[in-house]
Amino acid sequence: MSQRPFNFSAGPAALPEEVLRQVASEMLDWQGSGMSVMEMSHRGREFISIYEAAEADLRELLQVPQNFRILFMQGGGLAENAIVPMNLSRGGKVDVVVTGSWSKKSAQEARRYADVQIAADGAGQRFTTIPSPSTWQLRRDAAYVHICTNETIDGVEFNELPDLKALGSDAPLVIDCSSHQLSRPINWSRVGLAFGGAQKNIGPAGLTLVFVREDLLGHALAICPSAFDFKTVADAQSMYNTPPTFAIYVAGLVFKWLKTFSHAGKIGLAAIEQRNIDKAQLLYGALDQSRMFENRVAADCRSRMNIPFYLSGSYDEPRMNDAFLAGAKERGLLQLKGHKSVGGMRASIYNAMPLEGVQALVTYLKDFEAKHG
């Protein structure tokens with residue numbers, strides 16, 4: 001395969017080149033059906049076979065227990081910030097741990113439907129760390145506790161899910177895992193519901209995955225639209241509303257790619273997790289050794305997926321930022337500009353980013369510092 005530029009976009013993000021090539025080859029005619037997947041009925045046998053294979057492969061990859069339903073929905077992570085409280089809050093209390101920009105949005109949206117308490121807030125540390133679960137102020141009668149397990153903008157990640165029972169809470173844990181789902185295993189014993197948009201590690205924008213424990217179904221508020229009622233969607237096998245068929249098809253190809261992926265003597269999810277660890281260690285190591293660049297997140301909660309970094313000290317000026325980004329583009333290192341709310345740079349190194357892409361970025365960091373430092 002020819003060398004494409006390395007795309008560090010935070011999302012929609014890069015997809016495995018092998019998957020893109022298969023999509024291209026099947027665009028006009030999926031496996032002799034005479035149709036593109038985009039032209040298929042979502043109730044026809046061709047698409048049903050695609051859907052069933054995708055669901056089975058996803059359940060296998062993440063070892064999703066049988067008492068969880070997997071929903072293929074639309075609306076993205078932002079819409080789930082409303083859909084989840086409409087389904088789970090029962091109009092009561094919701095505790096939210098704010099660790100960055102996305103969990104902050106989740107709390108704001110949930111307030112439309114529930115009594116929201118900020119159980120802990122990392123804003124005082126500028127979202128560079130995760131407040132220790134032992135400090136969280138949890139209400140015993142909360143309907144659920146919400147966390148964002150990987151903050152795409154701020155670059156903090158939960159390396160271990162909190163044990164709410166050990167903290168004295170019987171509430172189910174809701175996790176927004178949009179930007180690191182399928183990058184590592186999930187401890188389902190600590191989760192009631194997980195959701196995430198697909199456009200980071202899984203496929204095109206437009207598909208949202210929801211994993212919901214069966215006992216949490218059937219409690220939607222009266223104002224919840226029927227197409228967003230988890231029980232309705234589950235009962236209809238995600239076909240109540242026409243699902244995002246093409247996005248599901250691409251996601252299914254990514255699942256198959258992941259199942260056979262190998263790295264460092266491992267295969268499948270274990271292999272992709274190990275490569276993600278290797279990539280993150282390489283880039284953080286280069287930033288920690290640099291005099292010109294810095295990452296400001298505490299070492300124990302640095303994201304493996306989204307690595308914001310900044311010019312440090314006297315180097316931190318718009319002219320130098322612009323020079324860095326222009327030079328990166330010339331080298332085929334794309335989409336490294338940081339989010340507008342925090343500035344600087346950001347490297348999103350999702351599953352599809354090869355180790356060679358991070359190696360190329362590290363080489364450029366060192367060359368830029370040698371030239372301008």
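In this predicted model, the side chains of strand β5 are divided between two directions, with Tyr144, His146 and Cys148 pointing one way and Val145 and Ile147 pointing the other, and all of them are buried. In a regular strand the side chains alternate between the two faces of the sheet. The strand, which spans residues 144–148, is accordingly described as mostly covered, since 5 of its 5 residues are buried.

The neighbours of β5 in the sheet can be followed through its pairing. Strand β3, residues 93–98, runs parallel to β5 and is joined to it by 3 bridges, and within this pairing Val96 has His146 as its bridge partner. Strand β6, residues 173–176, also pairs with β5 in the parallel sense, here over 4 bridges, and Leu173 of β6 is the bridge partner of Val145.

A search of the whole structure finds 1 cavity of 30 Å³ or more, and the space in the largest cavity comes to about 60 Å³. Its lining includes Val94 and Val96 as well as Tyr144 and His146, together with others such as Glu80, Ser106 and Phe195. The elements that each give two or more residues to this lining are α3 (76–88), β3, α4 (101–110) and β5, and the largest share, 4 residues, comes from α3. By class, the lining of the cavity has 8 nonpolar, 3 polar and 1 charged residues.

In soluble globular proteins, nonpolar side chains tend to be buried together. Here the largest nonpolar core has 60 residues, and those with the most contacts inside it are Leu58, Leu62, Ile175, Leu182, Trp188 and Phe211. Helix α6, residues 245–260, gives the most to this core, with 10 residues. Ile175, leaving aside its neighbours within four places in sequence, is in contact with Ile147, Thr149, Leu161, Ile186, Val191, Leu193, Ala194 and Phe195. A second, separate core has 28 residues, among them Tyr284, Ala286, Phe293 and Ile307.

Definitions and conventions: Residues are numbered from 1 along each chain as its sequence is written. This is a predicted model: local features need pLDDT of at least 70, side-chain atom pairs count only at pLDDT 80 or more; totals for chains, interfaces and linings use all residues. Side-chain values use heavy atoms; hydrogens and water are left out. Buried means under 20% relative accessible area, exposed over 50%, partly exposed in between (1.4 Å probe, protein chains only). Two strands pair if DSSP finds at least two bridges between them. A nonpolar core is a set of buried Ala, Val, Leu, Ile, Met, Phe, Trp, Tyr and Cys residues joined through side-chain atoms within 4.5 Å. Contact means heavy atoms within 4.5 Å. On a 1 Å grid over the protein atoms alone, a cavity is a set of points where a 1.4 Å probe fits but cannot get out, and a pocket is an open set with protein on both sides within 12 Å along at least five of seven lines; lining residues have an atom within 4 Å of a point. Grid points are joined across faces, edges and corners, and a volume is the space filled by probe spheres set on the points. Ala, Val, Leu, Ile, Met, Phe, Trp, Tyr, Cys and Pro count as nonpolar, Asp, Glu, Lys and Arg as charged, and the others, Gly among them, as polar.
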